[in-house]
Amino acid sequence: MSFNIQQIVRKHILSLAPYSSARDEYTGKEGIFLDANENPIGSATPENWNRYPDPYQFAIKEKLAAIKACRPSQIFLGNGSDEPIDLIIRLTCEPKEDNIIILPPTYGMYEVSASVNNVQIQKIDLTEDYQLDTDAIIEAINQKTKLIFICSPNNPTGNIINREAILSIIDNFEHGIVVIDEAYNDFSDEPSFIQELDNFPNVMVLQTFSKAWGLAALRLGMAFANEELIKLLNKIKYPYNINGLTQKLLIENIDNTDFVKNSVNTLNHNRQLLAEELSGLSIVEKIFPSDANFLLVKFQDAKAVFDYLIEQKTIVRDRSKVKLCDNSLRISIGTSEENQHLMTLLKAYQQ
């Protein structure tokens, strides 16, 4: 593949001198620190938070690389997945000139981030069965196309995107980057594209600690890519983008992979049970196949069901106005008790 990151990145960023923080200059843990204008007295808390955190989160990346079967140098950590989404757009796309391709229905932040950065957006709808319209995507690619965002398992539909179709897009897009958002990959049996990074330098993979790991409040997302691209993301990120408390709590949780496996098994089991119960309701028209921790469900009158559930303080997501999701609600998989409560309400509603 004749991929050249130098030809994709905005020219002024290649020569940009990044901000050099105090912790760039000295990465040791021991010593007298008089370099960063911190408060040497400590903090008004039981645990001191007076020192700036590791700007590159080396301890986390070492552990994460072993879990994800990649190299620490292939990892970027951001404030949720939203930070690397925004950064990759800012890194590659000239405002008003370049464009990205998104594939509705899909995660909304791709479009929001592009719009904030004044980057043009091409929308190529998924097919009726929520798969890639490969020919249409390839035809839409032009010299100003810098990024293609593919979400798999897809949000809000829940399905895996055909792997051969993704590979076809990768092979036909050598002058840009295919961003594969795997936020829900833990809930599927599909192998991650992280293992393909050495084969495809034009791929960036997004994952998150918010779903299977149960750490949504920490707002920690992951991006995986070739080392040169990761270096460029580090070049333009805020100096201390991951705070010290988040780093500490992540280190305390990252070795507990059994929790992740058990959570995935439980939620996948609950998803199957909930789908079976929902299929017995007369108000439900279709339950879409899901490899995520949610179900997309088509109702006869989704808005009425949504409003009723809101009145009962049970919150789901109305996706009725999203392309190809008419009359559909996205229902996150809850605990057994929460799912049963939902079913009790829906059975009462249809009577």
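Helix α7 (residues 163-171) has R163, A165, I166, L167, I169 and I170 as its buried residues, where buried means under 20% relative accessible area, exposed means over 50% and partly exposed lies in between, with a 1.4 Å probe and protein chains only. The structure is a predicted model, in which local features need pLDDT of at least 70, side-chain atom pairs count only at pLDDT 80 or more, and totals for chains, interfaces and linings use all residues. Residues are numbered from 1 along each chain as its sequence is written, and side-chain values use heavy atoms, with hydrogens and water left out. Helices (H or I, at least four residues) and strands (E, at least two) are DSSP runs, numbered from the N terminus.

The cover over the buried residues of α7 includes α6 (134-140), β4 (145-151), β5 (177-181) and β6 (203-208); contact here means heavy atoms within 4.5 Å. At the start of α7, a side-chain oxygen of N162 comes to within 3.0 Å of the backbone nitrogen of E164.

Strand β4, part of that cover, is itself mostly covered, with seven of its seven residues buried. Five bridges join β4 to β5, and the two run parallel; strands are said to pair if DSSP finds at least two bridges between them. Within this pairing, F149 has V179 in β5 as its bridge partner. β4 also pairs with β2 in the parallel sense, over three bridges, and here L147 in β4 stands opposite I100.

Strand β2 (residues 99-102) is covered on both faces. In a regular strand the side chains alternate between the two faces of the sheet. On one side of β2 lie N99 and I101, on the other I100 and I102, and all of these are buried. A further parallel pairing, over four bridges, links β2 with strand β3 (residues 120-123), where Q120 in β3 is the bridge partner of N99.

The loop between β5 and β6 holds S192. This serine has a relative accessibility of 9% and therefore counts as buried. Its side chain reaches the backbone nitrogen of I194 at 2.9 Å. The side chain of S192 also makes a polar contact with the side chain of Q207, at 3.4 Å. Such a contact is a pair of N or O atoms within 3.5 Å; within protein, one must be able to donate a hydrogen and the other to accept it, and residues adjacent in sequence count only if both atoms are side-chain atoms. Not counting residues up to four places away in sequence, S192 touches R163, E182, N185, V205 and Q207.

Another sheet can now be followed. Four strands form an open sheet in the order β8-β9-β11-β10, with antiparallel pairing. Strands β8 (284-287) and β10 (317-318) stand at the edges, each with a single partner strand, so one side of each has no neighbour in the sheet. Three bridges join β8 to β9 (residues 294-299), and in β9 the bridge partner of V284 is F299. Helix α11 (residues 302-311) packs on this sheet and touches β9, β10 and β11 (328-332), its direction making about 40° with that of β11. Axes are lines fitted to C-alpha atoms, for helices over the stretch in contact, and angles run from 0 to 180 degrees between N-to-C directions.

Between β10 and β11, a loop contains S320. S320 counts as buried because its relative accessibility is 19%. Its side chain makes a polar contact with the side chain of D318 at 2.7 Å. Leaving aside neighbours within four places in sequence, S320 is in contact with A302, C325, D326, N327 and S328.

Two further helices meet side by side in the description. The axes of α10 (residues 257-278) and α12 (residues 336-350) come within 11 Å and cross at roughly 10°. The two helices are therefore roughly parallel; this label covers angles under 35 degrees, while those over 145 count as roughly antiparallel, 65 to 115 as roughly perpendicular and the rest as oblique. From α10, residues N270, L274, E277 and L278 meet S336, N339, Q340, L342, M343, L346 and K347 in α12. By class, this contact has five nonpolar, four polar and two charged residues. Ala, Val, Leu, Ile, Met, Phe, Trp, Tyr, Cys and Pro count as nonpolar, Asp, Glu, Lys and Arg as charged, and the others, Gly among them, as polar.
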